[in-house]
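Biologist: Please pick one part of this model and take me through it closely. I would like to know how it is placed and what surrounds it.

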Amino acid sequence: RMDIGIIANKLDMHSIRCFPANKFMYYLARGVPILSTPSPHYREFIQQHEVGEVMNELSPAAFRQAANRLIRNPERTRKMGWDGFHLAKQKFNWTDSARNLLDLYHEVLKSS
């Protein structure tokens, strides 16, 4: 059982290129609000859909502040998890994922 899912990626090209990570989608699909390091893609998604908190910077103090925002308001935090669950069902489903993957394959084949 989890109350908060932590995404602690370093701010490098790999973490930026691999959005959304499986762990991110796992948390959303299970209704767990997310606490994330300040990656631009995670920040944009989390803030746009209000499914968690993003650290202001990559430091222990920023982690503590973001975690406290979630811990101190359990009703809001539960709503973030619930909203994430519904968003995952709507946005990250096999039909859309298969279509996106086929589009990617098509683009790769066109450029070869």
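Modeller: Pro-74 counts as partly exposed, at 33% relative accessibility (buried is under 20% relative accessible area, exposed over 50%, partly exposed in between, with a 1.4 Å probe and protein chains only). The model is predicted, so local features need pLDDT of at least 70 and side-chain atom pairs count only at pLDDT 80 or more, while totals for chains, interfaces and linings use all residues. Residues are numbered from 1 along each chain as its sequence is written, and side-chain values use heavy atoms, leaving out hydrogens and water.

Pro-74 belongs to helix α5 (helices are DSSP runs of H or I of at least four residues, strands runs of E of at least two, numbered from the N terminus). Its C-alpha atom is 9.5 Å from that of Asp-3, 71 residues apart along the chain. Helix α5 covers residues 74–91; at 1.5 Å a residue its 18 residues should span 26 Å, and the end C-alpha atoms are 25 Å apart, which agrees. That expected span is 1.5 Å times one less than the number of residues.

The buried residues of α5 are Thr-77, Met-80, Gly-81, Gly-84, Leu-87 and Ala-88. Down the helix axis they fall within an arc of 130°, so they line one face; the arc is taken from the directions from the axis to the C-beta atoms. The face turned away from that side carries exposed Glu-75, Arg-78, Lys-79, Trp-82, Lys-89 and Gln-90.

Cover for the buried residues of α5 includes α2 (22–29), α3 (40–49), β3 (52–54) and α4 (60–71). Thr-77 has a relative accessible area of 8% and is therefore buried. Beyond four places in sequence, Thr-77 is in contact (heavy atoms within 4.5 Å) with Pro-33, Arg-69 and Leu-70. With the same exclusion, Leu-28 touches Gly-84, Phe-85 and Ala-88, among others.

Trp-82 and Phe-85 lie three residues apart in α5, about one turn of the helix. Their ring centres are 5.9 Å apart and their planes at 25°, so the pair is stacked (rings of Phe, Tyr and Trp, the last by its six-membered ring, pair with centres within 6.5 Å; planes under 30 degrees apart are stacked, over 60 edge-to-face, the rest tilted). Trp-82 is exposed, with a relative accessible area of 53%, whereas Phe-85 is partly exposed at 24%.
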